[in-house]
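Student: Could we go through the salt bridges of this structure together?
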Amino acid sequence: MDLASYADLAIELVNTRDSAGDALQDLTGLQTLLRDKPHMGGRIGHRDLDVMRSLRAELHAVFVAAAAGREQEAMDRLNSLLIQHPVHPQISDHDGEWHLHLNEGGSIPDRFAARAAMGLAVKISDHGLQRLGVCRADGCERVFFDATPTRTRRHCAVHWTGRPGVAAARRTSDQVTAEVQPPAGNTRGDGQ
């Protein structure tokens, strides 16, 4: 089990609220967030929704502090989450091999919080706190983990994905234009 992969839970939860709206307005939004997460199965209620919104705010504050260079504040906030929502590991056997998993006990928000906080802690321990970012696009507060080799990512997936693609398209377009230009003095465009 890759505990660092649980950091994606933190990012996904925080990004349920952005300039376009709040995906956790009701229980249907929470059900959508938990869909395709077998370790998050169970009944949910309005209290769970409130706890998840609160957790979202706490995790967002970790990212904001980290992105602003307030390392101690970010670590204090994350450590607080780790204490409030302790991880309960267990070894289980499936597929003929022993694996480390996290216990399935507790409420859905507690399990979500424990996994998200543990995932962030492992990612930070492995790659550094400066890898946590908040999108710099105007009005966007979405968060991300900067996995670029140069630590230069400044935008969330919504605002970042087009940037490399646009640059690559421009380079390709410039290359194609240069390749189809007729040689100097040839105005016919047929290469002769």
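This is a predicted model: local features need pLDDT of at least 70, side-chain atom pairs count only at pLDDT 80 or more; totals for chains, interfaces and linings use all residues.

Student: How many salt bridges are found in the whole structure?
Tutor: The search finds six. A salt bridge here is a side-chain nitrogen of Lys or Arg within 4 Å of a carboxyl oxygen of Asp or Glu.

Student: Which residue does Arg142 meet in a salt bridge?
Tutor: Arg142 pairs with Asp18, at 3.1 Å from N to O. The two are 124 residues apart and link distant parts of the chain: Asp18 is in strand 1 (residues 17-18), and Arg142 is in the loop between strand 5 (132-134) and strand 6 (143-145). Strands are DSSP runs of E with at least two residues, helices are runs of H or I with at least four, and both are numbered from the N terminus.

Student: Is Arg142 buried or exposed?
Tutor: Arg142 is buried, because its relative accessibility is 16%; buried means under 20% relative accessible area, exposed over 50%, and partly exposed in between (1.4 Å probe, protein chains only). Asp18, at 25%, is partly exposed.

Student: New topic: which residues are linked in a network of salt bridges?
Tutor: Arg70, Glu73 and Arg77 are. Glu73 meets Arg70 at 2.6 Å, N to O, and Arg77 at 3.1 Å, N to O.

Student: Where do Glu73 and Arg77 lie?
Tutor: Both are in helix 4 (residues 71-84), four residues apart, about one turn of the helix.

Note on methods: Residues are numbered from 1 along each chain as its sequence is written. Side-chain values use heavy atoms; hydrogens and water are left out.
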